[in-house]
Amino acid sequence: MSERKSPDQLRSHRWYGTGGVRSFGHRSRTRQMGIGAEEHMGKPVIGIINTWSELNPCHTHLRERAAEVKRGVWQVGGYPVELPAMSLAETFQKPTTMLYRNFLAMETEELLRSYPIDGAVLMGGCDKTTPALLMGAASMDVPAIFVPAGPMLRGNWRGQVLGSGSDVWRFWDDKRAGLIGEAEWAEIEEGIARSPGHCMTMGTASTMTSVAEVLGMTLPGAASIPAVDSGHGRMAAASGRRIVDMVWEDLRPSKILDERAYADAITTVLALGGSTNAVIHLIAMARRSGVALGLDDFDAASRRVPVLADLRPTGAYLMEDFYYAGGLPALLARIRDLLHLDRPTISGRSLGETLSEARVHDDTVIRPRDRPVWEEGGLAVLRGNLAPDGAVIKHSAAEPRFLRHTGQAVVFDGYSDLMSRINDESLKITADSVLVLRGVGPQGGPGMPEAGMLPIPDRLLKQGVRDMLRISDARMSGTSYGACVLHVAPESHVGGPLALVRDGDLVTLDVDARLLSLEVPDAELARRRTEWTPPPPTYQRGYGAIFGAHILQADEGCDFDFLTGSLGAPEPEAG
């Protein structure tokens, strides 16, 4: 551990302690807020980046948690200041929160850079908030600790345990098939979301907060605690206490987030049966840390990492069960041999030391190595003439018959076209058809919305069909399931081969061979390309125009081209 800082080495000292007229102004304006010099001078200023919002149900408890963080900061001699940041509410924000992930990352970075912040507590949990906050903190590189929002309680309906997202899709299909009616649907609506907190399935939110923990950016065990459990408030206060020491120790993200940390994050995502969205986010996060991560890293790990967490959507249980079974530390303890145990974490201990007391309390939820949910990680990276830069499939969530399948394409140009025609009686479609949705990638979406779990036509649902092969340049919710090929790169909007597919073309998927191909001669594809016209930009002004001009493709993490890399912007001048 490096030598502890002295008060005059604090970043905030340049604002408060230089003796000039600027410092006079900063001190007098702090007094204006009722804070005396004795409360902040010579103390670490801790910025609490809070993504609370009244339009984000996952974060409705974060005001209370921020107060608990502040309590912890005050207890050990820090000065906490709360800084609100854009709240990316997966359930409300349109066209997609992914459009704004980089916005929040930029806001986080600039809040920490432009204000007198010595250390940061990052508060989030709903899907894109976790990677965004960590990306911004990594780029700014001041000491930072992540406080995950925590999963909500289990849902309940007529004695059945409900999981957010996953059971929505399941019962929605049942409703369209005529198996349940409006009364049952209304009861499910009342019972599926019962408390603050993010999705309690192993969707993107739980995947990414688990990533934050295994990276070493949370206190041990933090990601698994349910949002309304009393332990969650205690964790928030403990995080407040810890960040003050981290400032004195100068324990910054650049000392935590190295190649080993990101390799362990991939391993953990696969052992959890985590969301495909983690692929995009981890690539972006790693590149902010100067670590070159790519699709092949995920595929290689998937072939050697078993799925041990029996969690929905690919398993049976929910995050509350996972917490009582021992939480993430217990799962990590079961894959110790696959992890880099000697690397540092924000706790001040190595990863291995944080797992020394971890125990599994329920082998049905966190499986033993000799009885995994899946022998290999449930994610595969596909390539071929339809996805030259790659695509992904969560094949553990698909019906096995589709893992090697050839069918005729039924093509939709954008989400509106899909919704207007999917139930058209004249649509030529069978259970063996391949649904192809294009125009929903990073630029085409815009923002790569979660449209990849294309709906099965009502008439096929009524025949008992519950899965079909679906291909798109979109993402899908981590709570979704089915034979869905996602993140096709390059996307159709920029001229990727997906733009050239036509109704009736044969498409082949072979997961074992990692192949996704369009069975059309090269000469015919070349002819079609001469007829293809690039679509106009989606946005003409504002942030959307910046997004369209600078967004990278899915295989590169969908970050902005001017934000990748570990070189930071210059620090504000003193004075």
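**A loop residue and the fold around it**

Author: Arg158 sits in the loop between strand E5 (155-157) and strand E6 (160-162). The model is predicted. Arg158 is not a glycine, yet its phi is positive, at about 50°. Is Arg158 buried or exposed? Its relative accessibility is 54%, and the cut-off for exposed is over 50%, so Arg158 counts as exposed.

Arg514 lies in the loop between E13 and strand E14 (515-518). Its relative accessibility is 10%; buried means under 20%, so Arg514 counts as buried.

Two peptide bonds also deserve a check. Arg312 and Pro313 are joined by a cis bond, with omega about 15°. Pro313 is in the loop between helix H13 (295-302) and helix H14 (319-324). The bond from Ala489 to Pro490 is cis too, with omega near -5°. Pro490 belongs to the loop between strand E12 (484-489) and strand E13 (506-510).

Now the sheet. Four strands form an open sheet in the order E2-E1-E3-E4, with parallel pairing. E2 and strand E4 (144-148) are at the edges, each with a single partner strand, so one side of each has no neighbour in the sheet. From one strand to the next, the twist averages 20°.

Strand E3 (residues 119-124) runs parallel to E4, and 5 bridges join them. Val121 has Ile145 in E4 as its bridge partner. Helix H10 (residues 230-249) packs on this sheet. H10 touches strand E1 (45-50), E3 and E4, and its direction makes about 175° with that of E4.

6 of its 6 residues are buried, so E1 is largely enclosed by the rest of the structure. In a regular strand, side chains alternate between the two faces of the sheet. Both faces of E1 are covered. Val45, Gly47 and Ile49 are buried on one side; Ile46, Ile48 and Asn50 are buried on the other. E1 and E2 run parallel and are joined by 6 bridges. Ile46 stands opposite Pro80 in E2.

The model has 5 cavities of 30 Å³ or more. The largest cavity contains about 70 Å³ of space. Its lining includes Glu213, Val214, Pro329 and Leu351. Helix H9 (204-215), helix H15 (327-334) and helix H16 (351-354) each supply at least two lining residues. The classes are 7 nonpolar, 4 polar and 1 charged.

Last, one more loop residue. Asp432 is in the loop between helix H17 (415-421) and strand E10 (434-438). Asp432 is partly exposed, at 42% relative accessible area. Leaving out residues up to four places away in sequence, Asp432 touches Arg401, His405, Gly407 and Gln408. Asp432 and Met106 are 326 residues apart in sequence and 44 Å apart in space, C-alpha to C-alpha.

Key:
Residues numbered from 1 in each chain as written. Predicted model: local features only at pLDDT ≥ 70, side-chain atom pairs only at ≥ 80, totals over all residues. Heavy atoms only, no water. 1 Å grid on protein atoms, 1.4 Å probe; cavity = no way out; pocket = protein on both sides within 12 Å on 5 of 7 lines; lining within 4 Å. Points joined across faces, edges and corners; volume = space filled by probe spheres on them. Nonpolar A, V, L, I, M, F, W, Y, C, P; charged D, E, K, R; others polar. Pairing = 2+ DSSP bridges. Axes fitted to C-alpha atoms, helices over the stretch in contact; angles between N-to-C directions. Contact = heavy atoms within 4.5 Å. Buried < 20%, exposed > 50% of the residue type's maximum accessible area, 1.4 Å probe, protein only.
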